[in-house]
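Subject: Structure handover

Dear colleague,

Please find the structure below. My notes on it follow.

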Amino acid sequence: MAGNQRKSVVSWAPRAVAGGVLMGLANLVPGISGGTMLLAVGIYPRFIEAVADTTRLRLRLQPLLLLAVVAASGGLAILLLAGVLRDLVVHHRWITYSAFIGLTLGGLPLVWRLAQPTVRAFWGGAAGGFAAMVGLALLQSGPTATGSTSSGPFLLAVAGAAGAAAMILPGVSGAYLLLALGQYEPILGAIEQVLEGLSGLDARPIAEATVVLLPVLVGIAFGATVISNAVRFALRRFRQATLGVLMGLLLGAVVGLWPFESPASPAPLQAASALGLAGAGFVLTWTISRFGTTRTDPSGRQ
């Protein structure tokens, strides 16, 4: 039994680490969903089951371990790379978005395998998911709130719940929702305060950041509880339609990720570089999603 458990952990642990890192980074980039990254690397079904079981207090070792790996990987990625990624988005948008286009599309083969054999409900769900993502992309291209919005505990908790939605629902951008609520800068500022306190061994900035981050964590816990159980219910009761929606969300997610800010065509070298980055991202997530899977169970579940 212990040997089987070790083999099971080995089958999903690399995908959990990669998914956590990519989820953390994606939640920092407006227009990109952390849940999409979990789906792309092939850990999404197991992650949903783990969150839903844990929030129902069905505490088992492997689900708890998976959540700990994803959370630790995502948290570490955010703490270490938040500033770097924000600079890349501001000054080199085409590099960041080209890579995430490939990372997102790399999950399509996995969802396709999970859905076999497809039925009409799958294609209807795919059409609906794609249309929803196109609509969301158009919405996200509009104006958003600025940092001038107040950051009281309630609004911070709402922002945390929105972040949980982005972690669990592929296609929903947590960074965009934080921008729309006016909480993007306060939350990232609090994260930088934590880093400042840790690097200088100073408890004061950490204590100040806790005032912001604690309500956010409460909101994340509430949002994760509600949404994970809803998604698990949908996957169990309406599997084909739900997988179709997930396929549509993955396809539609790239609509809002056009990497070039200028409407003019990019230079040939830049376009070729963008295609190369997208291709590398595709290969990365496709390879990760294949790790430890079998023909009978592409999701890696036991």
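At what angle do helix H6 and helix H13 pack, and how far apart are their axes? H6 (residues 108-115) and H13 (residues 268-290) pack at about 40 degrees, with their axes 8 Å apart. Helices here are DSSP runs of H or I of at least four residues, numbered from the N terminus; axes are lines fitted to C-alpha atoms over the stretch in contact, and angles run from 0 to 180 degrees between N-to-C directions.

This is a predicted model, in which local features need pLDDT of at least 70 and side-chain atom pairs count only at pLDDT 80 or more, while totals for chains, interfaces and linings use all residues. Residues are numbered from 1 along each chain as its sequence is written, and side-chain values use heavy atoms, with hydrogens and water left out.

Pro109, Leu110 and Arg113 of H6 make the contact with Phe282, Trp286, Ser289 and Arg290 of H13 (contact: heavy atoms within 4.5 Å).

The second pair is H4 (residues 61-91) and H10 (residues 184-200). Their axes are 10 Å apart, at an angle of about 125 degrees, which makes H4 oblique to H10. From H4, Ile78, Leu79 and Arg86 meet Leu188, Ile191, Glu192, Val194 and Leu195 of H10.

H4 also holds Ser73. Ser73 counts as buried because its relative accessibility is 13% (buried: under 20%, with a 1.4 Å probe and protein chains only). Beyond its neighbours within four places in sequence, Ser73 is in contact with Ala16, Val17, Gly20 and Val21.

Regards

Terms used. Helices (H or I, at least four residues) and strands (E, at least two) are DSSP runs, numbered from the N terminus. Buried means under 20% relative accessible area, exposed over 50%, partly exposed in between (1.4 Å probe, protein chains only). Angles under 35 degrees count as roughly parallel, over 145 as roughly antiparallel, 65 to 115 as roughly perpendicular and the rest as oblique.
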